[in-house]
Amino acid sequence: KKSRDETADRVLADVEAFHKQETEKVYSARRQREAYKDSLQDQIRLRNSSRDSARKNELESKKQINHDFEGHVKETLKQKEDQRQRHLEYCKQVQQQQAETTNLNAKKKTSDEAVAEMMIRDSQ
């Protein structure tokens with residue numbers, strides 16, 4: 001009977017040791033799985049962060065390009081407007097000179113006519 005009790009105790013101890021060992025394996029596997037899952041989540045967060053950062057940089061770059069282009073367009077328009085104003089000023093000056101020339105020619109013609117009339121009177 002004693003030997004049977006010892007055998008039973010040994011078998012029970014072996015079963016408990018086996019159970020403890022298997023339980024530890026299960027817990028270890030769970031910890032590994034959780035660690036792997038955490039690692040994957042960290043990688044995903046890092047990738048998303050990099051993607052978001054790249055998107056943000058791309059948007060900033062596009063904003064800067066648009067800003068530069070708008071500045072270029074505004075500067076070009078300003079230059080064109082300045083050029084147009086200078087051209088209008090030039091046209092006004094040309095018109096004024098032409099008017100003055102026409103006026104002088106008219107005065108000269110009138111003066112010439114007056115001289116011709118005087119000469120005709122003098123000759124009579």
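**Before you start**

You are looking at a predicted model, in which local features need pLDDT of at least 70 and side-chain atom pairs count only at pLDDT 80 or more, while totals for chains, interfaces and linings use all residues. Residues are numbered from 1 along each chain as its sequence is written, and side-chain values use heavy atoms, with hydrogens and water left out.

**Stop 1: the whole chain**

Show the chain as a cartoon. How many helices and strands are there in the chain? There are 1 helix and 0 strands. Here helices (H or I, at least four residues) and strands (E, at least two) are DSSP runs, numbered from the N terminus. The helix is α1, and it covers residues 2-123.

Now turn the view until the chain lies along your screen. Its C-alpha atoms fill a box of roughly 180 × 10 × 5 Å along the principal axes. The radius of gyration of the chain is 53 Å, whereas a compact globule of 124 residues would have one near 14 Å. That radius is taken over C-alpha atoms, and the globule rule is 2.2 Å times the number of residues to the power 0.38.

**Stop 2: the surface**

What share of the 124 residues counts as buried? The share is 0%. For this tour, buried means under 20% relative accessible area, exposed over 50%, and partly exposed in between (1.4 Å probe, protein chains only).

The accessible surface comes to about 12,000 Å², and 54% of that belongs to carbon and sulfur atoms. Such areas come from the Shrake-Rupley method with a 1.4 Å probe; for residues, only the protein chains shown count as cover.

**Stop 3: the charges**

Colour the charged residues next. The chain has 27 positive and 24 negative charges, and their mean positions are 6 Å apart. Lys and Arg count as positive and Asp and Glu as negative, while His and the chain ends are not counted. Each charge is placed at NZ of Lys, CZ of Arg, CG of Asp or CD of Glu.

Some of these side chains pair up: the count comes to 10 salt bridges. A salt bridge is a side-chain nitrogen of Lys or Arg within 4 Å of a carboxyl oxygen of Asp or Glu. Let us visit some of them.

**Stop 4: K63 and E60**

Select K63 and E60 and show their side chains. They form a salt bridge, with the closest N and O atoms 3.9 Å apart. Both residues lie in helix α1, 3 residues apart, which is about one turn of the helix. K63 is exposed, at a relative accessible area of 53%, and E60 is partly exposed, at 43%.

**Stop 5: D82 and K78**

Move along to D82 and K78. Their side chains meet in a salt bridge of 3.4 Å, N to O. Why are D82 and K78 separated by about one helical turn? It is because they are 4 residues apart in helix α1. D82 counts as partly exposed at 34% relative accessibility, and K78 is partly exposed too, at 48%.

**Stop 6: R121 and E117**

Now pick R121 and E117. This salt bridge has its closest N and O atoms 3.9 Å apart. The two residues lie in helix α1, 4 residues apart, or about one turn. R121 counts as exposed at 55% relative accessibility, while E117 counts as partly exposed at 46%.

**Stop 7**

Turn on the distance tool and work from C-alpha to C-alpha.

- Start at Q124, in the segment after α1. Q124 is exposed, at 74% relative accessibility. Its C-alpha atom is separated by 28 Å from that of N105, 19 residues away along the chain.
- Click Q64, in helix α1, which is partly exposed at 42%. Q64 and L104 are 40 residues apart along the chain, and their C-alpha atoms are separated by 59 Å.
- Go on to A116, also in helix α1 and partly exposed at 35%. A116 and A54 are 62 residues apart in sequence and 91 Å apart in space.
- Finish at A106 in helix α1, partly exposed with a relative accessible area of 39%.
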